[in-house]
There are 2 protein chains.
Amino acid sequence: MAKKASSSGTIFRPHFKTHQSLKVGNWFKDHSIDAITVSSLSMAQQFAETGWQDITIAFPANLREIEGYNRLSKEINLNLLVDSVEVIDRLSADLNADTGFFIEIDTGYGRSGVHFGDEDRIKSIIAASLHAKNLKFIGFLTHSGDTYSAKNTEEIEMIYHRSVSELQKLRNNYPQALISVGDTPACSIVDDLSEVDELRPGNFVYYDLMQYKLGSCGLDDIAVSVACPVTGIYPDRNEIVIYGGAVHLSKESLDSDGKLFGLIVKYTDDGWTEHIHDTRLISLSQEHGIIRTNTNFLKTVKHGDLLGVLPVHSCLTVNLLTDQSIIF
Amino acid sequence: MAKKASSSGTIFRPHFKTHQSLKVGNWFKDHSIDAITVSSLSMAQQFAETGWQDITIAFPANLREIEGYNRLSKEINLNLLVDSVEVIDRLSADLNADTGFFIEIDTGYGRSGVHFGDEDRIKSIIAASLHAKNLKFIGFLTHSGDTYSAKNTEEIEMIYHRSVSELQKLRNNYPQALISVGDTPACSIVDDLSEVDELRPGNFVYYDLMQYKLGSCGLDDIAVSVACPVTGIYPDRNEIVIYGGAVHLSKESLDSDGKLFGLIVKYTDDGWTEHIHDTRLISLSQEHGIIRTNTNFLKTVKHGDLLGVLPVHSCLTVNLLTDQSIIF
């Protein structure tokens, strides 16, 4: 991803919400990355404490956290997201250190951000920010999460190009504004990303079954698995129960011949095998996971063995298995 | 629940996995409860450290945790769950302090446990345990999680009675064995629980929308909500975005006119209001929640307000918002 960003001539500001790890974060330094994205103030605080000096919190600015923004802005280069005049006015009044902001644009996903067609609102936000001595307009930012509903990679490319084209139209009136985009499907699939100024993908660091289904990656690219002990073997129904439930993996599922909560691998000395044929995690309760398999594989499994689960959504799984109070 | 257990003459061994809280746990002491259920060794260790002396880990014994069981069995009265001869043999060989065990019975849920019809397996497990000097057979335990798929409260009662009747048949050959049951729907709905020896419900301590849908509780009985700041207001689509996503609430949903991830309440000086009419959490991503509402309610909401979310599954929500490294 760093190579693609570099050859496209764009700033690479990877999203660290997927790994939330100091160690994985440091790998990016080897690629000369010094600006990052996070999804919460607490994540920003933790990465700032470990030396990251340029952080965008890619979540709509939360008026209940202004005190935290102020503390952080004194120490690092902090960027926030804004999509309303009301929030700009409050930030103007209460921020007391230099803070950048992106206007978040909704290019079709329908979650947060100013709708791309609402140029009046965009104008008002920028106008309101001009009076604020501590707020600096950086550019237009979008998360085109609609790529996650795409039926194929062509549709992902189409969503990307439509989204970038809307941001470019907005930039016509504000030539100094950066354009920042970020979803992993588009950043993985689109080859030439040179039309934008900044890329913020995060999930690609581990990928997962959802990204595989979308075509963002191969199964071999999935770089995280959860090691789950076998605690039950049921030959009469070809099922195995593991200690690995919703509190470890999250309840994210894919619809693929019934609900799929994960694929199963076996561990080797230096990693894991391909996923076991005809074997899948079909159900999760709080701590239990049920794997349905075939007689041949079931015969090879013993109580206490470790099976690996390739998760559906690595961000949620890693979040559950990361101690939130420290960055490891 | 304590009153119902007491009037039914059954042991009340509440499941603490829902609240995972020392403080909430202490409320049970006021009802003379001194035996509890948890779902993991680490939870057992933490409650043991805070003075609980009689704990059942209601999850199939995990051969990778025998060392932990040994440490704990020296300090408290510990019970494990077993459903195979293989595990009994390993526990026999490796446990070095007195430990109780229940045989987990699958009375129809199809998750873990010996199928109720497999009397040979039950016989073999008990026979194998007789040679073990540190293992003591306590009784038959089931979690009738099939009540969660019931269409109405009559079906929940039927599942309960069928399940208890299967356990009673097994007990005919082992008159000293206790019968332990535990799901919140049945424990909430069935009035007379005197046919069993022990009750282990957990979720009832907070309840949630899933239990409400099943008929286990009223909406007024839901005793947990998540306070989420408003970070986006979108009058054109009657939607509000809150800082409250899958990492706070979990992705558990109900199918109820489309996916439902929570109902919305407003906070008052001493609690919260009834849920807001025509207003529901319809979508969750990692940190964002999208509430769909009506024009009237939307007009009353401001950036930075706190809205309360009644969760679909309180066990998963509380687990996400509890610091796993301490019991608070």
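This is a predicted model: local features need pLDDT of at least 70, side-chain atom pairs count only at pLDDT 80 or more; totals for chains, interfaces and linings use all residues.
The scores are ipTM 0.96 and pTM 0.96. For chain A, the pLDDT averages 96, with 98% of the residues at 70 or above.

**How α3(B) and α4(B) pack**
- Helix α3 of chain B covers residues 41-49, and its packing partner α4 of chain B covers residues 66-75.
- Because angles under 35 degrees count as roughly parallel, α3(B) is roughly parallel to α4(B).
- As for handedness, α3(B) and α4(B) cross in a left-handed way.

**Who touches whom**
- On the α3(B) side, the contact is made by L41(B), A44(B), Q45(B) and A48(B).
- Facing them from α4(B) are G68(B), Y69(B), R71(B) and L72(B).
- Sorted by class, the contact between α3(B) and α4(B) comes out as five nonpolar residues, two polar and one charged.
- A general point on helices: with 3.6 residues a turn, residues three or four places apart point the same way.

**What's buried in α3(B)**
- The buried residues in α3(B) are L41(B), M43(B), A44(B), Q46(B), F47(B) and A48(B).
- L41(B), A44(B) and A48(B) turn up both among these buried residues and in the contact with α4(B).
- Besides α4, the buried residues of α3(B) pack against α2 (22-29), β2 (36-38) and β3 (54-60) of chain B.

Methods
Residues are numbered from 1 along each chain as its sequence is written. Chains are lettered from A and ligands numbered from 1 in the order in which they are written. Side-chain values use heavy atoms; hydrogens and water are left out. Axes are lines fitted to C-alpha atoms, for helices over the stretch in contact, and angles run from 0 to 180 degrees between N-to-C directions. Helices (H or I, at least four residues) and strands (E, at least two) are DSSP runs, numbered from the N terminus. Angles under 35 degrees count as roughly parallel, over 145 as roughly antiparallel, 65 to 115 as roughly perpendicular and the rest as oblique. A crossing is left-handed if the near helix is turned anticlockwise from the far one by less than a right angle, and right-handed if clockwise. Contact means heavy atoms within 4.5 Å. Ala, Val, Leu, Ile, Met, Phe, Trp, Tyr, Cys and Pro count as nonpolar, Asp, Glu, Lys and Arg as charged, and the others, Gly among them, as polar. Buried means under 20% relative accessible area, exposed over 50%, partly exposed in between (1.4 Å probe, protein chains only). pLDDT is the predictor's confidence in each residue, from 0 to 100.
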